[in-house]
Amino acid sequence: MPPLEKVMYVEDDPDIREIATLALRDVGGLDVLVCESGQAALASVDAFEPQLLLLDVMMPEMDGPETLEALRRQGSISSETAVAFMTAKVHPEELDRYRRLGVTDVVRKPFDPMILADDVRAIWDRING
């Protein structure tokens, strides 16, 4: 199993985006491409070739599930790409919906910036272990 190195992170909130980016890049040592919208992710995903996508669920214009579907239609996600939603909406029926969409796992908000990279690596290890 290759180690997790490349993460694409899609988040519309600039404050959360900055904290998570610092957590993934500076604390976790990951190569992170950050996008502020689903449209930005569609435009840059193929050049970056992420191993794991981390998508905010609630975003204006194109939410996380819509972004995931568009990335699939575009052919930018393979069966080897892990996908995790990042959300505070973690009621059991919402988690079931995310699983039906084919999401690998969910990272709950608020998250601990000191262990976010470890949580993301654990998701990667679970599907590649």
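Predicted model: local features only at pLDDT ≥ 70, side-chain atom pairs only at ≥ 80, totals over all residues.
Which residue does UniProt list for "modified residue: 4-aspartylphosphate"?

**View 1. The annotated position Asp56.** In an unreviewed entry, UniProt lists Asp56 for "modified residue: 4-aspartylphosphate". Asp56 belongs to strand 3, which comprises residues 52–56. With a relative accessible area of 3%, Asp56 counts as buried, because that value falls under the 20% limit.

**View 2. Contacts of Asp56.** Neighbours within four places in sequence are left aside here. Beyond them, Asp56 is in contact with Val10, Glu11 and Asp12, with Asp63 and Gly64, and with Met86 and Lys109.

**View 3. Leu42 in helix 2.** Helix 2 spans residues 38–48 and includes Leu42. The relative accessible area of Leu42 is 14%, and the residue is therefore classed as buried, the limit being under 20%. When neighbours within four places in sequence are excluded, the contacts of Leu42 are Met62, Ala70, Leu71 and Gln74.

**View 4. Leu42 and Ile16.** This pair is 26 residues apart along the chain. A distance of 20 Å separates the C-alpha atom of Leu42 from that of Ile16.

View 5. The unreviewed UniProt entry carries the annotation "domain: Response regulatory" for residues 6–124.

How values were computed: Residues numbered from 1 in each chain as written. Heavy atoms only, no water. Helix = DSSP H or I, 4+ residues; strand = E, 2+ residues; numbered from the N terminus. Buried < 20%, exposed > 50% of the residue type's maximum accessible area, 1.4 Å probe, protein only. Contact = heavy atoms within 4.5 Å. UniProt positions renumbered as here; feature names shortened; annotations may be inferred.
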